[in-house]
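Hi,

Here is the structure I promised to pass along. Have a look at it first, and my notes on what turned up follow below.

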Number of protein chains: 2
Amino acid sequence: MQSYLSKTHLEQLEKRQRTKLINSISGFKSLNLIGTINEACVSNLAIFNSVVHLGAHPALIGFIARPDSVERHTLENIEKMKYYTINHVSQTIYRQAHQTSARYPAGQSEFEEAGLTADYKNSFIAPYVKESAIQMGMEFKQRVDIDLNGTSLIIGEVVQLYFPANCLCQDGYLDIEKGGTLAGSSLDGYHETRRVARLSYAKPDLNLSNIISPYTE
Amino acid sequence: MQSYLSKTHLEQLEKRQRTKLINSISGFKSLNLIGTINEACVSNLAIFNSVVHLGAHPALIGFIARPDSVERHTLENIEKMKYYTINHVSQTIYRQAHQTSARYPAGQSEFEEAGLTADYKNSFIAPYVKESAIQMGMEFKQRVDIDLNGTSLIIGEVVQLYFPANCLCQDGYLDIEKGGTLAGSSLDGYHETRRVARLSYAKPDLNLSNIISPYTE
């Protein structure tokens, strides 16, 4: 049976119920840990489920930040230091990743508190998550404020990229499922995936076929 | 073994390889069909993998549009008609959903061409996808242009919401996995999911527990 809720129904829901429901309906979410550092060299790590592809030429990735929330340190560090990392949440670290959303006092690093390892490498100023299989070093490009609800779209360019060599396909597709990356739902759901298919480029009056691209190694 | 690509390496990749790789690295993606109609009552349907949660109070959802692409009709219709629908892509319709990305001539509806059913209901002007289990009626709120690469963030408010009654949990979590919703990867990957856990609200010095919230029916 189908349920229906109008805007009025939605507004009348108890606040936490409404938050969980509305967070569910956009579909599955990316799950990433964003690593930053401040001027006093205190590292910060926070889980985000709003990382979104913006473009490949140049390679731009965005995420939504709520400036008045626990995510405030992430945003402050990015705007001041200009560099940050984005690290995939995988099966082996999803509980530690979730724990980074706790509200720790300033001066404490979520890396230590959640049990993850800050990895400084390749002259990059911001810390990577050592336990994450797919890692990006990002250069901050632009903050776009969304006046409607006080959130911001934070845009950066990919300047470093690390991934397991055996996950790359010859056509450029990176098999993040093979890399152990999880998908998210609502505010607290963590999901493994099983690929059903990759589908060929769609054209009018042409049947779709399944793409099979060999791994590069 | 870990592979590393610098910004320079990324820029030197063959263009289609680069597009597939960069589209892979943001993580898993939501998969939604956006339904619109124009003033001549021609319906339009297009698949988007960039729908993102913006806020629950009010219930705002955004997506990224590339105004010079096949997505142009979607954007034109939304700006002119002010209402549109967002419909989850599920296991039973993922091939039809992918087919909507073909470049059909103006005047042809992707509903008919891809084999999906336009469902006009509850006095809403834009067509829902009948075969989709989770459907939202959206009111257009704002277009935020991203000058860095000519894309736009299109923001709307949820004014109608339909879902299978047996997917709603008592705490407000909507079990979209039970509803058959798929997750996307890169430009062409379709994935089923298996939930590993729902995790409790994180606090410092408190162990996480698994949330078990009964279905409302």
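**A buried strand and its neighbours**

In chain A, strand β6 (residues 83–88) has 5 of its 6 residues buried, so the strand is largely enclosed by the rest of the structure. Buried here means under 20% relative accessible area, with exposed over 50% and partly exposed in between (1.4 Å probe, protein chains only). Strands are DSSP runs of E, at least two residues, numbered from the N terminus.

Before going on, the ground rules: this is a predicted model, where local features need pLDDT of at least 70 and side-chain atom pairs count only at pLDDT 80 or more, while totals for chains, interfaces and linings use all residues. Residues are numbered from 1 along each chain as its sequence is written, chains are lettered from A and ligands numbered from 1 in the order in which they are written, and side-chain values use heavy atoms, leaving out hydrogens and water.

Back to β6(A): strand β2 (residues 32–37) of chain A runs antiparallel to β6(A), joined by 4 bridges (strands pair if DSSP finds at least two bridges between them). Leu33(A) has Asn87(A) as its bridge partner there. β6(A) also pairs in the antiparallel sense with strand β9 (residues 135–146) of chain A, over 5 bridges, and Ile86(A) stands opposite Met136(A) in β9(A).

**Asn44(B)**

Over in chain B, Asn44(B) lies in strand β3 (residues 43–48). With 7% relative accessibility, Asn44(B) counts as buried. Its side chain makes a polar contact of 3.3 Å with that of Thr74(B), and another of 3.3 Å with that of Glu110(B). A polar contact is a pair of N or O atoms within 3.5 Å; within protein, one must be able to donate a hydrogen and the other to accept it, and residues adjacent in sequence count only if both atoms are side-chain atoms.

**Where the chains meet**

Chain B and chain A each bring 107 residues to the contact (heavy atoms within 4.5 Å). About 9300 Å² is buried between them, 59% of it on carbon and sulfur atoms; this is the accessible area (1.4 Å probe) that the two parts lose on being put together, summed over both.

There are 8 salt bridges between the chains, each a side-chain nitrogen of Lys or Arg within 4 Å of a carboxyl oxygen of Asp or Glu. One of them joins Lys20(A) to Asp171(B), with the closest N and O atoms 3.4 Å apart.

Strand β10 (residues 151–164) of chain A and strand β1 (residues 2–6) of chain B run antiparallel, joined by 5 bridges. Leu161(A) stands opposite Leu5(B) there.

Happy browsing!
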